[in-house]
Number of protein chains: 2
Amino acid sequence: MTGERRKFRREGADSRRQALVLATLDLIAEQGVRGATVRAIAERADVTQGLIRHYFSTKDELVQEAYLAHMAGLTEQTFAGVVEREAALGRLAALVVASVTPPVVDAASVGLWAGFLNHVRQDARMRAVHAQTYHDFRDRLERLIVAALEEAGRAPDAGQARRLAIACNAVIDGLWLEGGALPEAFGPDELTGIALTAVGAILQLDLEEAAKT
Amino acid sequence: MTGERRKFRREGADSRRQALVLATLDLIAEQGVRGATVRAIAERADVTQGLIRHYFSTKDELVQEAYLAHMAGLTEQTFAGVVEREAALGRLAALVVASVTPPVVDAASVGLWAGFLNHVRQDARMRAVHAQTYHDFRDRLERLIVAALEEAGRAPDAGQARRLAIACNAVIDGLWLEGGALPEAFGPDELTGIALTAVGAILQLDLEEAAKT
DNA sequence: GGCTCAATTATACGCTTGCATAATTACAAC
DNA sequence: GTTGTAATTATGCAAGCGTATAATTGAGCC
């Protein structure tokens with residue numbers, strides 16, 4: 001009865017790193033940062049804990065990469081399907097709807113974001129990722145807003161465009177947050193309607209009509 | 001050279017509990033939940049760790065009480081100074097301004113909130129506190145909105161009032177979040193102006209004028 | 001001034017954590 | 001088939017964690 005050593009398959013560095021990152025995100029989403037221990041991550045990725053050290057020189061490095069992946073995925077999910085429309089107004093409406101609809105609005109996603117925030121505040125590199133993700137999203141939103149306004153024959157100056165983008169982004173973020181943190185407080189399509197009305201009111205555009213087409 | 005035992009003063013249960021709660025909030029705000037260990041909390045409160053167990057049967061109980069205190073303080077800070085005006089419009093403007101101004105908007109405060117969120121998701125009692133805090137705030141906001149609209153000769157029905165409150169709350173929360181998480185991204189009074197304009201646009205009321213008086 | 005008792009300190013236990021290092025093994029090259 | 005090597009497992013360690021419990025001590029009361 002020799003202690004049977006565990007069998008394993010060799011895999012490429014990329015696929016293993018990705019698997020570890022995914023396992024990390026799963027665990028943080030489910031149990032908070034507390035639950036994402038090195039051992040739990042390894043188990044979830046079906047690997048022994050030593051391997052983590054082989055791919056990431058420290059746990060913080062893994063967490064950092066997981067954060068990057070999560071934020072990139074969030075932006076990607078939000079903008080998926082936005083480009084396929086002709087009118088800027090329609091694209092804007094689609095973006096707003098996507099921002100307050102699953103899978104973007106989701107308890108795990110918000111929990112993940114919150115779990116990372118304190119790491120973000122203490123690590124310079126994560127702070128940079130955070131700032132860039134935020135600004136990227138807001139810039140794309142601002143360009144869409146400007147396009148939609150120009151389409152309607154209005155031309156905001158730079159300062160106005162910036163302020164409008166910040167305000168619309170705030171509506172979206174606020175609803176994202178509340179929808180994710182307190183899902184049972186809202187009806188099925190309630191957030192969608194509110195988001196379209198509110199952003200429409202701020203921009204003085206009819207987004208609700210545009211969303212239907 | 002006998003190991004000198006530490007001197008101490010006896011204090012009332014209330015004051016000690018409060019000191020421990022404050023120390024907990026300080027630490028979570030500064031270093032995240034990770035840094036708020038029993039030993040660190042005790043040191044910050046100038047007490048030995050055994051005393052924590054004397055007042056709280058478990059660490060989670062202390063964290064729970066700290067969360068309650070933080071949320072109550074946040075609502076209180078936001079509504080302080082709102083009641084002193086005659087016109088509902090002015091009170092609403094004051095509330096909006098207070099919501100996006102320090103000390104409510106603050107990196108530590110947002111960090112605290114984020115640090116608690118994952119505890120909230122796993123503990124039923126904390127979830128109840130969270131839901132109630134949110135609904136309390138939104139209900140007060142809704143009443144203020146209804147009063148301001150009636151003052152302007154408009155009478156929203158219940159559904160409209162609810163949706164308007166959710167939307168305005170989202171703007172406020174979104175700006176609170178972004179202002180706290182990314183302070184350097186905004187000018188000094190920028191958030192105030194944006195908040196007033198955006199909420200004003202949603203409600204079709206002139207809040208900026210009302211805020212000046 | 002001594003008694004009493006809760007408030008406080010002191011100490012220690014068992015567990016988990018992140019990290020290090022040595023031993024194995026799958027797989028490709030020749 | 002042998003060999004080389006990087007991928008993977010196995011094992012261990014020191015530190016920190018929350019919790020339990022026993023020993024002290026301040027302070028009000030008679």
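**Domain contact and chain symmetry**

Across the interface of domain 1 of chain A and domain 2 of chain A, 1 residue pair is in polar contact, with both residues at pLDDT 80 or more. The model is predicted.

Trainee: What makes A:Arg17 and A:Glu65 a salt bridge?

Mentor: Their side chains lie 2.8 Å apart, N to O. The cut-off is 4 Å between a side-chain nitrogen of Lys or Arg and a carboxyl oxygen of Asp or Glu, so the pair qualifies. For the interface of domain 1 of chain A and domain 2 of chain A, the rule finds 1 salt bridge.

Trainee: Which classes of residue make up the side of domain 1 of chain A that touches domain 2 of chain A?

Mentor: That side of domain 1 of chain A has 6 nonpolar, 1 polar and 1 charged residues.

Trainee: Where do the two domains of chain A run?

Mentor: The assignment gives 10-57 for domain 1 and 63-212 for domain 2. The contact takes 8 residues from domain 1 of chain A and 9 residues from domain 2 of chain A. About 740 Å² is buried between these domains, and carbon and sulfur atoms give 80% of that area. Their centres, taken over C-alpha atoms, are 29 Å apart.

Trainee: Why is the relation of chain B to chain A called a two-fold axis?

Mentor: Chain B superposes on chain A by a rotation of 180 degrees with 0.0 Å of shift along the axis, at an RMSD of 0.1 Å. That is the relation of a two-fold axis.

Trainee: How do you know that the copies meet through the same surface?

Mentor: Because 100% of the interface residues of chain B are also interface residues in chain A.

Technical notes:
Residues are numbered from 1 along each chain as its sequence is written. Chains are lettered from A and ligands numbered from 1 in the order in which they are written. This is a predicted model: local features need pLDDT of at least 70, side-chain atom pairs count only at pLDDT 80 or more; totals for chains, interfaces and linings use all residues. Side-chain values use heavy atoms; hydrogens and water are left out. Copies are superposed by least squares on the C-alpha atoms of residues with pLDDT of at least 70 in both. Contact means heavy atoms within 4.5 Å. Domain bounds come from an automatic or database domain assignment. Buried area is the accessible area (1.4 Å probe) that two parts lose on being put together, summed over both. A polar contact is a pair of N or O atoms within 3.5 Å; within protein, one must be able to donate a hydrogen and the other to accept it, and residues adjacent in sequence count only if both atoms are side-chain atoms. Ala, Val, Leu, Ile, Met, Phe, Trp, Tyr, Cys and Pro count as nonpolar, Asp, Glu, Lys and Arg as charged, and the others, Gly among them, as polar.
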